[in-house]
Amino acid sequence: MPCILLDRRTVVSAIERYPLNMTFFSTPEKLEIGDIPFIASHEKPTRRDGLLYYRRVVEHFGLDARPGEEVTAVTRTPEGKFLARVGRRHETISYLADNIVFATGYYDWPNLLGVPGEDLPHVSHYFLEGHRHWHQDVVVVGAGNSAVDAALECWRAGARVTLVHIAEGFDRTVKPWVLPDITNRVKEGSIGAHWHSRIVAIHPDRVEVEQIDGGTRTAIPADQVLAMTGYYASTDLISSLGVPVDHATGVPAHDPATMMTPVPSCYIAGVMAAGRDANRLFIENTRQHGGVIVEDIRRRTGA
Ligand SMILES: Cc1cc2nc3c(=O)[nH]c(=O)nc-3n(C[C@H](O)[C@H](O)[C@H](O)COP(=O)(O)OP(=O)(O)OC[C@H]3O[C@@H](n4cnc5c(N)ncnc54)[C@H](O)[C@@H]3O)c2cc1C
């Protein structure tokens, strides 16, 4: 079935933007697609292993992936085809398609704190590596896997780290093999923790933190703020085509058996199907979406 893949960044660009020293929580076989074995020398493959594997899958099947092409709008023609407007370098081009699959993920849309100072240059929703924070005061917001990994790596690289989290304690989703490490660092006071607290303002050299019960405010020095507050799937493009999106969950309407939305021939795939609860879906439990969609297109069109 002829198919093109448009990506405004590159193939598997979410993995490209993972922390540089990250290892997957999944074992290699749970990340495999297209029946291509994922061979890695460790039980948990690294970011580099993942990039290599998925690049090779694209090359093996000769997939027509087109990096640097951003879909800016999609409309329907009177004949029922999809017309995608695409920005590519300095030009705008269009593609016409019988079927369209939105797999735009979540990693481009961080959950913002919504506080003054969030747009300052030392605030980031992405963590790359600890080394650059050596001897810095680093405030990490959140208590999930990304926050825990960032806090531990920054601390090991010589940063003074403080965690700020709205609830009490670490998220239940934190990898069990990492939990004792972070728990002990907090217990011994190597990494500071402000539980039941939220950031109310970010200044160039400090953050203001407020305790949720009682409202006591504290200033914490901060050369870097890592807001590890998760991400959500944007539904702007798909909504513009008339696909209803659940107000409470952010999940686009679709049939989980086929991944088709109520707009005929328009599908969703990947973590997009999770809406705002982006932790619910990941590679392991969405990698079958491609096959399901192709099967449905074949069934409907006899292709
Ligand atoms: C640090 C970290 C570790 C993880 N570890 C694991 C793990 O061990 N196991 C696991 O199963 N999952 C893991 N995940 C989750 C996994 O990365 C995601 O579930 C997966 O990447 C989602 O795939 P996707 O194709 O739905 O979206 P993405 O991988 O986010 O791909 C979406 C793509 O759409 C492109 N795009 C968006 N809008 C447009 C547009 N308008 N035009 C063109 N292109 C567009 C983006 O550039 C992006 O390349 C991890 C995530 C993180 C952040």
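## The ligand and its polar contacts

In this predicted model, a backbone N or O atom of Arg-8 lies 3.0 Å from a nitrogen atom of the ligand, while a backbone N or O atom of Phe-25 lies 2.6 Å from an oxygen atom of the ligand. A polar backbone atom of Ile-283 is 2.9 Å from an oxygen atom of the ligand. Such polar contacts are pairs of N or O atoms within 3.5 Å; within protein, one atom must be able to donate a hydrogen and the other to accept it, and residues adjacent in sequence count only if both atoms are side-chain atoms. On its own the ligand has 1,000 Å² of accessible area, and the protein covers 88% of this, with areas taken from the Shrake-Rupley method with a 1.4 Å probe, where for residues only the protein chains shown count as cover.

Residues are numbered from 1 along each chain as its sequence is written, and side-chain values use heavy atoms, with hydrogens and water left out. Because the model is predicted, local features need pLDDT of at least 70 and side-chain atom pairs count only at pLDDT 80 or more, whereas totals for chains, interfaces and linings use all residues.

## The shell around the ligand

There are 30 residues around the ligand, of which Asp-7, Ser-13, Tyr-18, Phe-25 and Ser-26 come nearest; a residue is near if one of its heavy atoms lies within 4 Å. By class, the shell has 17 nonpolar, 6 polar and 7 charged residues. In this scheme Ala, Val, Leu, Ile, Met, Phe, Trp, Tyr, Cys and Pro count as nonpolar, Asp, Glu, Lys and Arg as charged, and the others, Gly among them, as polar.

Which element gives the largest share of the shell around the ligand? Strand E3 does, with 3 residues. E3 also belongs to a sheet, which is described next.

## The sheet E3-E4-E5

Three strands form an open sheet in the order E3-E4-E5, with antiparallel pairing. E3 and strand E5 (91–97) stand at the edges, and each has a single partner strand, so one side of each is left without a neighbour in the sheet. Neighbouring strands of this sheet are turned by 25° against each other on average, direction ignored, with axes fitted as lines to C-alpha atoms (for helices over the stretch in contact) and angles that run from 0 to 180 degrees between N-to-C directions. The strands (E, at least two residues) and helices (H or I, at least four residues) are DSSP runs numbered from the N terminus, and two strands pair if DSSP finds at least two bridges between them.

E3 pairs with strand E4 (residues 82–88) in the antiparallel sense over 7 bridges. Along this pair, the bridge partner of Glu-69 in E4 is Arg-88, and Val-74 stands opposite Ala-84 in E4. The two strands form a hairpin with 5 residues between them, and Gly-80 in the turn has a positive phi of about 90°. E4 and E5 are likewise joined in the antiparallel sense over 7 bridges, and here the bridge partner of Val-86 in E5 is Ile-93. Their hairpin has 2 residues between the strands, with Arg-89 in the turn at a positive phi of about 50°.

## The sheet E11-E12-E13

An open sheet of 3 strands has the order E11-E12-E13 with antiparallel pairing. E11 and E13 stand at the edges, each with a single partner strand, so one side of each lacks a neighbour in the sheet. The twist averages 35° from one strand to the next.

Strand E11 (residues 197–202) and strand E12 (residues 206–211) run antiparallel and are joined by 5 bridges. Ile-199 stands opposite Val-209 in E12, the bridge partner of Ile-202 in E12 is Val-207, and the hairpin of E11 and E12 has 3 residues between the strands. On to strand E13 (residues 217–221), E12 runs antiparallel with 5 bridges, and Val-209 stands opposite Thr-218 in E13. The hairpin of E12 and E13 has 5 residues between the strands, and Gly-214 in the turn has a positive phi of about 105°.

## The whole protein

There are 6 helices and 15 strands in the protein. Its radius of gyration is 21 Å, close to the 19 Å that the globule rule gives for 303 residues, so the protein is as compact as a globular protein of that length; the radius is taken over C-alpha atoms, and the rule is 2.2 Å times the number of residues to the power 0.38. Taken along the principal axes, the C-alpha atoms fill a box of roughly 65 × 45 × 40 Å.
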